[in-house]
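Colleague: I am new to this structure and would like to learn how to read a few of its features. Could we go through them together, one at a time?

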Amino acid sequence: LGLFCNTILPFRMGDLVQAYSLSRKTNLSKSVTFSTVLMERFVDIIPPIIIIIITSFFVILPKNISVAISSLVLIVLLSVMTLMIKFKDVVIAKLEQLVQKFHFMDKIVMIISNSLTTISNLGSLKVLLSIIPLTFILWSGYSIGMYLICKSLDISLPSILASYVVQAVTALSVVIPSSPGYIGSWEFMGVLALSIFKVQSAKAVSFALVSHVVGMFPV
């Protein structure tokens with residue numbers, strides 16, 4: 001439902017639908033389910049950035065892809081996560097004091113508190129040992145799909161590992177809020193991804209369009 005609504009609605013409104021539908025299905029509060037969606041988005045952005053940074057050591061990336069900015073974003077994300085884990089209890093205590101003074105802020109404070117609690121779970125070794133292999137499997141599935149689409153369009157990639165790079169760069173189009181279904185941003189990033197491997201622009205546009213449709217159709 002979340003992916004479908006992101007396909008037809010702008011600015012990632014599907015994330016709100018995902019949180020709402022998850023709340024209805026599980027009888028959990030909307031603040032809790034919204035927190036899990038926030039954590040999901042938090043985790044989503046880390047793999048493509050790591051792949052892009054590693055790739056920069058082996059190939060020349062387009063000017064549109066800044067390794068410096070990618071590294072800075074990764075450092076900021078990991079720093080924020082570390083601070084949330086370390087000072088969660090202190091921040092929640094301060095927020096509770098704030099609610100006592102300003103009762104109208106209780107809903108906002110509840111969402112923030114639940115978000116801190118949910119993201120702090122990333123500090124658990126047990127949680128990480130679940131997230132890391134599942135994330136790798138998920139990304140492998142997406143990347144193999146990209147490789148097969150390239151194969152079907154007679155686009156030669158250096159290896160199947162290159163498909164991880166293509167997936168990482170293209171996936172950046174869905175991270176930031178944009179038009180419904182990421183129309184335009186997906187195609188731009190798809191063409192940019194294949195430019196790394198010197199693929200002709202006509203074939204790259206075909207790849208971007210086909211991969212977009214293939215990604216939307218199952219949803």
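Colleague: How are H2 and H3 oriented to each other?

Modeller: Please keep in mind that this is a predicted model. In general, two packed helices are described by the angle between their axes and the distance between the axes. Here the axes of helix H2, residues 14-26, and helix H3, residues 30-55, come within 8 Å and cross at roughly 130°. Angles over 145 degrees would count as roughly antiparallel and those from 65 to 115 as roughly perpendicular, and H2 and H3 are therefore oblique to each other. The crossing of these two helices, H2 and H3, is right-handed.

Colleague: Which residues of H2 and H3 meet?

Modeller: On the H2 side they are Asp 15, Leu 16, Gln 18, Ala 19, Tyr 20, Leu 22, Ser 23 and Thr 26, and these meet Lys 30, Thr 33, Phe 34, Thr 36, Val 37, Glu 40 and Arg 41 in H3. Sorted by class, the contact of H2 with H3 has six nonpolar, five polar and four charged residues.

Colleague: What is the phi of Phe 11, and where is the residue placed?

Modeller: Most residues other than glycine have a negative phi. Phe 11, however, has a positive phi near 55°, and its place is in the loop between helix H1 (2-8) and H2.

Colleague: Is Phe 11 buried or exposed?

Modeller: Because its relative accessibility is 58%, Phe 11 counts as exposed.

Colleague: Where is Lys 198 found?

Modeller: Lys 198 is found in the loop between helix H8 (185-195) and helix H9 (201-216). Although Lys 198 is not a glycine, its phi is positive, at about 60°, and with a relative accessible area of 73% Lys 198 is exposed.

Conventions
Residues are numbered from 1 along each chain as its sequence is written. This is a predicted model: local features need pLDDT of at least 70, side-chain atom pairs count only at pLDDT 80 or more; totals for chains, interfaces and linings use all residues. Side-chain values use heavy atoms; hydrogens and water are left out. Axes are lines fitted to C-alpha atoms, for helices over the stretch in contact, and angles run from 0 to 180 degrees between N-to-C directions. Helices (H or I, at least four residues) and strands (E, at least two) are DSSP runs, numbered from the N terminus. Angles under 35 degrees count as roughly parallel, over 145 as roughly antiparallel, 65 to 115 as roughly perpendicular and the rest as oblique. A crossing is left-handed if the near helix is turned anticlockwise from the far one by less than a right angle, and right-handed if clockwise. Contact means heavy atoms within 4.5 Å. Ala, Val, Leu, Ile, Met, Phe, Trp, Tyr, Cys and Pro count as nonpolar, Asp, Glu, Lys and Arg as charged, and the others, Gly among them, as polar. Buried means under 20% relative accessible area, exposed over 50%, partly exposed in between (1.4 Å probe, protein chains only).
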